[in-house]
Amino acid sequence: MALFASNNKKMLVSMIAVVAALAVLAPTMVSAKQYVVGDDKGWTKDFDYTTWTAGKQFFVGDSLVFNYAQGGHNVFKVNGTDFMQCSKPLVGAPLTTGSDEITLKTTGRKWYICGVAGHCASGQKLVITVSDGSAAPAPTPTSPSTGAVSRSIINAGFAAAMVVVGFFGVVMF
């Protein structure tokens, strides 16, 4: 009988370890969202990127993909002043592959422009705000965000896992 109880206890401890590991890893297992800037229009002039960003929430870990005809456009990451003035930065080279992916690594405002003469002034500029995702705002009834919803589900899963771990901890000890 003691051997049976010992084996059950080992199995329970293993189950708790798995649940605890899932609870810790679950937030990192959510795949980040990838945004194709301008959707099917891509990175181009004469496009309203302010309207494109409406209703979107950007989080650390998400990425932006700038698709454009190579040689016809480029992408510069700039500061707010350069963004407003459509000025290329004094330091740094543009992205020029035609399919440039930028992973959002920090929170705050991010500004991007095309450095080809006249393109920024023709609307080829993007500004976004990046959040850390730990306190993602609830989606609004008029325009829910898939990213915010998936993060809410993960947060709920994490809370449920913690309840299970706590329950087994009380039962075991």
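Cys-86 is partly exposed, at a relative accessible area of 28%. Buried here means under 20% relative accessible area, exposed over 50%, and partly exposed in between, with a 1.4 Å probe and protein chains only. By that scale Cys-120 is buried, at 5% relative accessibility. The model is a predicted one, in which local features need pLDDT of at least 70 and side-chain atom pairs count only at pLDDT 80 or more, while totals for chains, interfaces and linings use all residues. Residues are numbered from 1 along each chain as its sequence is written, and side-chain values use heavy atoms, with hydrogens and water left out.

Cys-86 and Cys-120 form a disulfide, with their sulfur atoms 2.1 Å apart; a disulfide is a pair of cysteine sulfur atoms within 2.5 Å. The structure holds 1 disulfide. The torsion about the S-S bond of Cys-86 and Cys-120 is about -70°, so this disulfide is left-handed. Cys-86 sits in the loop between helix H3 (80–85) and strand E5 (99–103), and Cys-120 in the loop between strand E6 (108–113) and strand E7 (125–131), so the bond ties together parts that are 34 residues apart in sequence. Helices (H or I, at least four residues) and strands (E, at least two) are DSSP runs, numbered from the N terminus.

Cys-114 is in no disulfide, and the nearest cysteine sulfur, that of Cys-120, is 8.2 Å away. Cys-114 is buried, with a relative accessible area of 2%.

His-119 also lies in the loop between E6 and E7. His-119 is buried at a relative accessible area of 10%. Neighbours within four places in sequence aside, His-119 is in contact with Lys-45, Gly-72, His-73, Cys-114 and Gln-124, where contact means heavy atoms within 4.5 Å.

Two strands pair if DSSP finds at least two bridges between them. Strands of a sheet pair through backbone hydrogen bonds, either parallel or antiparallel. Strand E3 (residues 63–67) pairs with E5 in the antiparallel sense over 5 bridges. Leu-64 stands opposite Ile-102 in E5.

Asp-39 is placed in the loop between E1 and helix H2 (49–53). Asp-39 counts as partly exposed, at 44% relative accessibility. Asp-39 and Asn-67 are 28 residues apart in sequence, and their C-alpha atoms are 8.9 Å apart in space.

The chain as a whole has 4 helices and 7 strands. From the N terminus on, the elements run α-β-α-β-β-β-α-β-β-β-α. Of the 173 residues in the chain, 31% are buried. Among contacts in the chain with a separation of 6 or more, 73% are between residues 24 or more positions apart. The accessible surface of the chain comes to about 10,300 Å², and 64% of this belongs to carbon and sulfur atoms. Accessible areas come from the Shrake-Rupley method with a 1.4 Å probe; for residues, only the protein chains shown count as cover.
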